[in-house]
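Let's take a walk through this structure together, one region at a time. Have the coordinates open in your viewer and follow along.

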Amino acid sequence: MINAPRGTNDILPPQSFKWNYIESKAKYIFDLYNYEEIRTPIFEYTELFQRGIGEETDIVEKEMYTFEDKSNRSITLRPEGTASVVRSFLENKIYGKAQPTKYYYIGPMFRYERPQSGRYRQFNQLGIEVFGSQDPRVDAEVIAVGMHYMDILGLEDLSLYINSIGCPKCRPKYLKKLKDYLNNNRDKLCEDCKRRINKNPLRVLDCKNESCQQVVDGAPKIIDYLCEECEVHFDNLKENLQNINIDFIIDPGLVRGLDYYTKTAFEVKYEGLGAQDTIFGGGRYDRLAEEIGKRYVPGIGFALGIERLLLTLKQQGIEIPIDKSVDIYLTTIGEKAEIASFKLLEEFRRKGIKAEIDYMNRSVGGQMKSADRMNATYTVIIGENELENKRATVRNMKSGEEQEIDIDNLVNSIEKMI
Ligand code: ATP
Ligand code: MG
């Protein structure tokens, strides 16, 4: 027996119904806000993620599925969506069209992490990206898309945390203060963080190690060092969120794990999830396109973990409607009836009527049980007698009411009844 790789999941029915439901609601919301779908490859050249995510990040340092293909090129299974979407935007010269560009994506991501609840090696994200505008209302819109989605799924008690992490103008001054502080507390930091102090001190703020977190609690906060432009942008975001009744908590310690973020950073959490409690997170990345394609294109987006969303729905006791039913179940008795019914079966389906039949040689009683199990609206009973008289018995499974219908008109008659 060969099992699935560690950290991967099979999604079987009825769970797959839930996935479809979640994705269709997401698509409804994305369309409502006028976002269009983009599909990028599942793998990219490794360099894209090294540059686009940043060498000093957990993802690039530890979590990527990287391998050489048969012509010795380094390939990586995508660990997240943004770098690919930006690459595609640049490669296809979408910047030449009217802006902003608003995209969404849904699909699997791959990270080599220790599997646990809410953390897998192949997991699924849905996310949005907006390119071309620096308007803080866009930041508010991106957050609104996510919060509206949470609302239509019926989720409650979620917390939105926001922060601003500055820009290349104001961040260096802050980073200097931060480095000094971290160097003064060096002995309390983990080995990774010690290494990161000088290379990428912002990453230390994101470390999950407890003693590092204690140091981080006392660290200087970037929102105290914002330049005029970043401060105005952040104030504007807050006003716009208030204006559309979205509650938020300012978390001065919030930095995203990825290097390319500027200004707005945000996360939405459900505390009931335990250690892996972030459902979605995102922020502005005005410097990413330059990093990847030497072109200035402001951008902002979020990514949401679908598995964590499903865990949250389950924890909050929200039932996802599963529509498992057929319109017609054809019950047959005898070989002639089987042949005639198989023809009818296809005719039903060609009319868009969901029909099913027995392929397991069940008795009439067994076929009726199948019809029940499949939640059939009607069963049609066809035996030798019915064939001879050209009349089939149609039973309404809810009321138990039966009627005889001319077999030649069966499909049309039932079409009218449904
Ligand atoms: P975490 O701090 O939990 O590792 P992250 O900062 O690495 O999260 P992002 O890169 O921002 O996460 O990804 C966005 C979302 O994708 C997360 O908020 C989470 O819902 C989901 N996610 C990230 N990694 C995993 C994983 N390994 N398994 C399942 N979901 C994940
Ligand atoms: Mg992570």
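A polar contact here is a pair of N or O atoms within 3.5 Å; within protein, one must be able to donate a hydrogen and the other to accept it. With that in hand, look at Asn163, whose side chain reaches the backbone oxygen of Asp251 at 3.5 Å. Asn163 sits in strand β7, residues 159–164. Buried means under 20% relative accessible area; Asn163 has 0%, so Asn163 is buried. Please keep in mind throughout that this is a predicted model.

Now step back to the whole chain. The domain assignment gives domain 1, made of 15–170 + 226–315, and domain 2, covering 328–413. Taken over C-alpha atoms, the centres of domain 1 and domain 2 are separated by 50 Å. Asn389 and Asp406 are 17 residues apart in sequence, while their C-alpha atoms are 8.6 Å apart in space.

Next comes the ligand. Which residues come nearest to ligand 1? Of the 14 residues around ligand 1, they are Arg111, Glu113, Arg119, Tyr120 and Arg256. Arg119 places a polar side-chain atom 2.9 Å from an oxygen atom of ligand 1. Lys208 likewise has a polar side-chain atom 2.9 Å from an oxygen atom of ligand 1. Tyr120 uses its backbone instead: an N or O atom there lies 2.9 Å from a nitrogen atom of ligand 1. Taken alone, ligand 1 exposes 590 Å², and the protein buries 90% of that. Two or more residues of the shell come from each of β6 (122–131), β10 (278–284) and β11 (299–305). By residue class, the shell around ligand 1 divides into four nonpolar, four polar and six charged residues.

From β6 we can move on along the chain. Ser133 lies in the loop between β6 and α5. A relative accessible area of 14% is under the cut-off, so Ser133 is buried. A polar atom of the Ser133 side chain lies 3.0 Å from the backbone nitrogen of Asp135.

Then we reach helix α5 itself, residues 136–152. Why does its length make sense? At 1.5 Å a residue, its 17 residues should span 24 Å, and its end C-alpha atoms are 24 Å apart, so the two values agree. Helix α5 is mostly covered, with 12 of its 17 residues buried; among them are Val138, Val142, Ile143, Met147 and Tyr149. After α5 comes Gly154, with a positive phi near 85°.

Asp157, in the loop between α5 and β7, has a positive phi of about 55° although it is not a glycine. Asp157 counts as exposed because its relative accessibility is 63%. Lys93 is another residue other than glycine with a positive phi, near 50°. Lys93 belongs to the loop between α4 and β5 and is exposed, with a relative accessible area of 53%. The loop between α4 (82–91) and β5 (101–110) also holds Pro100, and the peptide bond from Gln99 to Pro100 is cis, with omega near 5°. A cis peptide bond also joins Pro13 and Pro14, where omega is about 5°; Pro14 lies in the segment before α1 (15–32).

Note on methods. Residues are numbered from 1 along each chain as its sequence is written. Chains are lettered from A and ligands numbered from 1 in the order in which they are written. This is a predicted model: local features need pLDDT of at least 70, side-chain atom pairs count only at pLDDT 80 or more; totals for chains, interfaces and linings use all residues. Side-chain values use heavy atoms; hydrogens and water are left out. Helices (H or I, at least four residues) and strands (E, at least two) are DSSP runs, numbered from the N terminus. The expected span of a helix is 1.5 Å times one less than its number of residues. Buried means under 20% relative accessible area, exposed over 50%, partly exposed in between (1.4 Å probe, protein chains only). A residue is near a molecule or strand if one of its heavy atoms lies within 4 Å of it. Accessible areas come from the Shrake-Rupley method with a 1.4 Å probe; for residues, only the protein chains shown count as cover. Ala, Val, Leu, Ile, Met, Phe, Trp, Tyr, Cys and Pro count as nonpolar, Asp, Glu, Lys and Arg as charged, and the others, Gly among them, as polar. Domain bounds come from an automatic or database domain assignment.
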